[in-house]
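Let's take a look at a protein chain together. Here are its sequence and its 3D structure.

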Amino acid sequence: MPDLAESIGSAGWFRGLGLLVGLTVLALMFWPRFAPLEAAPLTALDEASLVEFRAQSLRSFAEGSTQGRHFAATEVVTRLAAAPERPEIQLSATIGENDSLPRMLQRAGVGSGDAGQVAAMVASAVPLAEIAPGTRFSITLGARGNASDPRPLTAIGFRPRFDLAVSISRQGGGLALSRKPIAVDVTPLRVQGLVGTSLYRSARAAGAPPSAVQDYLRAIDQALPFEAIAPTDTFDLVVSYKHTADGEGEAGNLLYAGVVRSGQPRAQLLRWGADGSFTSLADLAGGGQTDSGLFGAPVSGHVSSGYGMRRHPILGYVRMHAGVDFAASWGSPIYAVTDGRVEYAGWHGGHGNYVRLDHGGGIATGYGHMSRIAVAPGMTVRRGQIIGYVGSTGLSTGAHLHYEVYRGGQTVDPFSVRMVQRTQAVDPKQVAAFKARLQALLSVRPGAIVGTQH
């Protein structure tokens, strides 16, 4: 295309001008019309039909609409002074946090007199403080004689405990309470399946509750590294489980955690002892001491800075880096590398949110820059227990964990310390009881969760 800003007045310039004018005229010839399209009515409407359509159509009041006022008046339509009430209303209500039974009933429409009477009757059957927040009440209200009066309570039912149902009904003009004990089967639930590509997803798909799967992973990590578990291995876990006769179900704590390969157990851990930790038969019956090698990594991440002299990224000068930094995403859980007692938990200068564990024998570990601390001073923690979460508090340039190991009060390279566990001889009766409990759980047939979960 010729440039009309150059060679003005030449033959080429005039040809370009003519082309511009021609294209402009051609564009104007195809200029669209924006007039509204009008369509003829498909059906001719008489006056009665127009009145009916006007009554039912959605139009503005300015255009003569009658919706929201009254229906089209005909001989078959009669205006009522008041709409008739339903003779009975069935509804459900839930008691909330810091709530009371009378307040909840009055919010649901129960009169104050009936609400107070129901609260007194329920208190005689079960302490009101034991009714957990979130408990659902099924309420039936009857017809009232006067529109200004509250509806009388006809019936109410709820479940204050897993094994008990309570109902109150109006009988002979008064309210009567009925307690119904519910039979409960406490047979544990056993879940098995192939590990596959994800141990967590496979266990959840097989029907194991989320909390039980998390406990299972922490327990197995004590006996086997996850890298040593093959996709063709079988996970095996047993959970305490209660099942009622009316179809309700409630899963409890993990009781057994195991891994099976080619029909042979690779790990068998049982919840044992007052602290609820998981123990294997070899740990319970063993004696002497075992060298467990180096401390494990306290977080899932890679080493971003080692132990020794380095230039501090914030302070700008060279000083001793008395630990190892692990790069990890914000909020990643931080685990105790071995059993110990929480010696310190709180803000610690440049360490930010900091936890220090005393493992005995002059060995201690420190964990810095946490976003949140999950333990308190004086607590006893087990190996693999979550003590906090990765953050960037204190003198930190990004989310990571600063991990330290102390020997005799002095920091040492964490990768130079070996962990030695000493076990004590156990009463043979304890070993026999452990074997009996293990055999009882392994005799449970694998099955799926049934009933509504709570």
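Below is a short tour, from the whole chain to its surface and its cores.

## Before we start

This is a predicted model: local features need pLDDT of at least 70, side-chain atom pairs count only at pLDDT 80 or more, and totals for chains, interfaces and linings use all residues. Residues are numbered from 1 along each chain as its sequence is written, and side-chain values use heavy atoms, with hydrogens and water left out.

## The whole chain

The protein chain has eight helices and 26 strands. These are DSSP runs, numbered from the N terminus: helices are H or I with at least four residues, strands are E with at least two.

Of the chain's 454 residues, 32% are buried. Buried means under 20% relative accessible area, exposed over 50%, and partly exposed in between (1.4 Å probe, protein chains only).

## Leu23 in its helix

Leu23 sits in helix H1, which covers residues 11-29.

## Two nonpolar cores

A nonpolar core is a set of buried Ala, Val, Leu, Ile, Met, Phe, Trp, Tyr and Cys residues joined through side-chain atoms within 4.5 Å. The largest one here has 24 residues, and those touching the most other members include Leu105, Val118 and Phe137. Helices H3 and H4 and strands E2, E3 and E4 each supply at least two residues of this core. The largest share, five residues, comes from H4.

Apart from that core lies another, with 23 residues, including Ala203 and Val259.
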